[in-house]
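Trainee: Could you walk me through reading a model like this one, feature by feature?
Mentor: Gladly; let us open it together.

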Amino acid sequence: MPEQKSSNNLQPLDLTTDDNQQQQQHQQHQQQKPDQKNTISSREESVSNESQQCNLRKEKKKQIKWLKETPAQQRERFIRQLRAELTVNASDGGRGGGASRQPFTRGGSGINGIGSSCSRDRASREADHRSTVNYSVDENPERGNWSGRLDFVLSCLGYAVGLGNFWRFPYLCFSNGGGAFLIPYAILLLLCGIPVFLLDLSLGQFTSEGPATCWEFAPIFTGLGYSMVFLSTTVSTYYNIIISISIYYTFASMTSTLPWNNCSHHWNTNSCTDRLPFVSCGEGQPQPNGTCYNGTIFLGIYNESLFQKTTGLRRILASEEYFNREVLKVSGDINKFGSPDWKLVMCLLLSWIVIFLSMIRGIKSSGKVVYFTALFPYVILLIFFIRGVTLENAIEGIRFYIVPDFSALGKARVWKDAAGQIFFSLSCSWGGLMSLSSYNRFHNNVIRDTFFVTSANCLTSVFAGFVIFSFIGHLAGNLRVPVSDVTRSEFGLAFIVYPEVMNLLPGSNYWSILFFIMIFSLGIDSQFGLVETLITALCDKFFVLRRHRLPLIGVVCFVMFLLGLPFTCSGGLYLMNIFDRYLSGWIVLLVGFMECILVGWVYGRPGFGKFHRFTEDIALMMRQSISPVWRYMWQYVTPALILFTLLASVADLGRTEYTKGKGDYYPIWADALGWLLSVIPLLIIVGTGLSRLLMEPVGISWWRRLRDLSIPTYTWGPAIPRYRLLMAPYLEKLGVLKYFYLDPKRNIKFIDVFPIESLNNMDE
């Protein structure tokens with residue numbers, strides 16, 4: 001019998017081995033999981049690829065089908081698509097266009113379900129305001145929109161707040177009664193500046209069109225937009241010279257000693273301040289002409305007023321000689337025009353390159369650049385204010401700036417200057433505001449933006465005055481002359497007075513660089529708006545240029561650079577004075593006056609009771625009714641004030657002088673050139689109106705032609721169909737709804753999309 005193993009010989013269980021085997025199996029299972037995940041993801045990718053390919057095949061089939069469509073079939077398809085789009089937009093609570101599922105049933109009070117957003121309940125409006133706007137997606141893809149909430153506001157602020165705020169306002173303030181000047185300035189800002197500013201912004205935003213094409217509410221006056229484009233284009237050619245000079249000074253400040261620090265340079269004359277020093281003449285012999293000698297040795301001047309009266313000479317600041325004799329190389333008169341200075345030409349070229357690069361993507365790029373260029377000047381102004389008020393004799397300059405002379409309020413010239421500064425500072429009626437607002441979303445709060453920009457512009461002007469005159473008071477104390485003798489011109493404030501003040505500060509190079517970078521920032525923002533006016537006008541008039549915007553910007557900048565070359569010559573400063581005097585004066589006021597008349601009386605013609613079309617259009621954008629005060633401003637108050645200022649400006653236009661009040665006049669041909677420049681916009685307005693009259697069909701009376709060209713076309717209105725739909729209620733009341741185009745680009749009328757039988761009975 002086989003021998004049986006005893007129980008004592010049994011092997012024990014190896015638990016360790018089992019644990020190891022379980023761990024190995026677990027690891028293998030974990031290693032298989034990624035493979036399974038990869039397999040699943042690859043299957044999902046293949047499925048998504050298949051679905052994409054399927055969608056592409058469907059799209060291709062649709063395109064092939066569309067190619068075989070007749071024009072009538074294609075039109076029917078467009079109508080179905082538009083009806084579906086508007087119905088979908090209407091079903092989301094009115095945010096897309098404000099209608100219901102069955103919006104176009106006739107009722108006793110008009111078309112039910114459509115209505116301006118003014119009639120919507122308050123809760124619905126508040127829900128709309130709380131809704132988030134996706135700025136990464138354009139509302140108007142063909143044209144484009146601002147890509148940030150503050151892009152438009154800062155662009156408007158930068159366009160309006162320019163060099164005029166920095167030197168022109170303080171100069172006008174102290175020469176027109178000091179602090180008393182703020183009274184007419186504030187009154188005219190409220191009654192004249194803000195209404196025209198709102199008019200410009202609203203017109204561009206409502207139509208999504210620039211100044212060249214937004215006048216279809218009165219086609220005979222289309223030339224008004226062309227005149228704005230001409231003014232902005234012409235002004236930008238010489239305005240960029242100021243930016244170029246700031247670049248010149250910035251580079252000149254990057255030296256160990258500022259070049260205008262003393263009178264030892266080759267461009268200095270014997271009238272430079274260092275060569276005519278002030279002396280007490282205690283040890284010398286005072287002369288009858290105010291000079292002091294020690295024998296035959298000239299010591300200096302002991303009485304400057306006597307010296308100026310007897311010799312006809314004056315002490316010239318080193319900064320003034322640097323500006324006139326080295327930077328601009330100003331000739332004796334405009335007849336000695338000279339040739340372009342290569343340094344200024346290079347700075348001019350650099351400034352246009354900066355503008356091109358900043359606008360390379362249109363408003364998408366310039367809208368981001370303004371975050372720096374619009375805000376940086378305020379930082380520098382604040383720094384200079386803190387530094388300025390701590391200087392010796394600063395209070396004398398500030399006192400000269402703000403002490404009111406109320407007797408000046410009785411002079412018509414003070415009110416004329418205040419109104420002119422409002423238009424000059426806010427940049428109203430130049431077309432730039434229309435161009436910038438045309439890229440807004442339809443429901444942007446244009447009234448809020450108007451009050452913000454105009455208020456910020458006004459406060460900037462006042463604040464800049466405190467900064468400037470604190471430094472002027474310090475300079476006057478060092479020169480021992482009255483403050484009024486330091487400030488001889490508005491242009492000289494930036495490039496003569498301030499550079500001279502820099503010499504008196506420790507670390508003058510750094511202060512100088514900061515100052516001229518600020519001047520550059522102030523100027524470049526305004527230049528963006530001027531150039532954008534021309535670019536927008538060309539793209540709106542010739543749609544094909546929208547696809548070639550980059551080369552268009554390049555060509556425009558290059559041509560403008562060439563047009564600016566004459567201003568870099570020795571006689572360029574005189575030419576700049578001619579352009580500035582005649583292009584920023586009465587003609588801009590005339591354009592603003594015509595704007596108010598067109599909107600207040602021609603488009604918003606009387607006879608409809610309390611109804612006014614333009615205020616209703618703004619209400620559609622605002623989603624709520626607006627005050628009727630705006631209507632009365634545009635119809636009565638604002639045009640009356642502009643007309644007064646216009647007549648006073650024309651009456652005050654005499655011959656141009658080299659030095660104001662000296663009687664040394666420019667030659668006749670120079671003033672003739674200025675009048676020609678200012679009359680060209682007027683000729684454009686009249687010529688365009690006459691051409692539109694002549695282009696009307698033969699056989700129609702002239703009165704009928706004039707009437708037809710003074711009412712809105714049936715294509716007038718917002719660019720996007722769902723916003724054009726908002727005009728339906730009041731167009732029905734006016735009896736023109738059945739002629740109204742809901743999609744002008746595809747020639748689709750309102751009744752093509754939403755047929756209404758009873759429209760045939762409406763009063764035409």
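Mentor: What follows goes from the whole chain to single residues.

Trainee: What should I know about the model before reading any values?

Mentor: This is a predicted model, in which local features need pLDDT of at least 70 and side-chain atom pairs count only at pLDDT 80 or more, while totals for chains, interfaces and linings use all residues. Residues are numbered from 1 along each chain as its sequence is written, and side-chain values use heavy atoms, with hydrogens and water left out.

Trainee: How many helices and strands are there in the chain?

Mentor: Helices (H or I, at least four residues) and strands (E, at least two) are DSSP runs, numbered from the N terminus. The chain has 29 helices and seven strands.

Trainee: And what share of the residues counts as buried?

Mentor: Buried means under 20% relative accessible area, exposed over 50%, and partly exposed in between, with a 1.4 Å probe and protein chains only. Here 53% of the 764 residues of the chain count as buried. For the surface, accessible areas come from the Shrake-Rupley method with a 1.4 Å probe, and for residues only the protein chains shown count as cover. The chain's accessible surface comes to about 35,700 Å², and carbon and sulfur atoms account for 59% of that.

Trainee: How do I read contacts along the sequence?

Mentor: Contact means heavy atoms within 4.5 Å. Taking contacts in the chain between residues at least 6 apart in sequence, 76% join residues at least 24 apart.

Trainee: Which residues touch the most other members of the largest nonpolar core?

Mentor: In soluble globular proteins, nonpolar side chains tend to be buried together. A nonpolar core is a set of buried Ala, Val, Leu, Ile, Met, Phe, Trp, Tyr and Cys residues joined through side-chain atoms within 4.5 Å. The largest one has 189 residues, and Phe166 and Phe495 touch the most other members. Apart from it lies another core, of six residues, including Ile334 and Tyr574. Beyond its neighbours within four places in sequence, Phe166 contacts residues including Leu381, Ala464, Phe515 and Leu522.

Trainee: How many aromatic pairs does the whole structure hold?

Mentor: Rings of Phe, Tyr and Trp (its six-membered ring) pair if their centres lie within 6.5 Å; planes under 30 degrees apart count as stacked, over 60 as edge-to-face and the rest as tilted. The search of the whole structure finds 50. One of them joins Phe515 and Phe516, edge-to-face, with 4.9 Å centre to centre and 80° between the planes. Both Phe515 and Phe516 are buried.

Trainee: Where does a charge sit over a ring?

Mentor: The test is that NZ of Lys or CZ of Arg is within 6 Å of the ring centre and within 35 degrees of the ring normal. The charged end of Arg143 sits over the ring of Tyr439, 4.6 Å from its centre. Arg746 lies over the face of Phe78, at 4.1 Å from the ring centre.

Trainee: What should I make of a positive phi?

Mentor: Most residues other than glycine have a negative phi. Asn393 has a positive phi of about 70° although it is not a glycine. Asn393 lies in the loop between helix 12 (376-389) and helix 13 (394-402), and at 30% relative accessibility it counts as partly exposed. Asn747 also has a positive phi, near 55°. Asn747 lies in the loop between strand 6 (741-743) and strand 7 (748-749), and with a relative accessible area of 48% it is partly exposed.

Trainee: How do I read a polar side chain inside a helix?

Mentor: Look for a polar contact, a pair of N or O atoms within 3.5 Å; within protein, one must be able to donate a hydrogen and the other to accept it, and residues adjacent in sequence count only if both atoms are side-chain atoms. Thr233 lies in helix 7 (residues 223-252) and is buried, with a relative accessible area of 17%. A polar atom of the Thr233 side chain lies 2.7 Å from the backbone oxygen of Val229.
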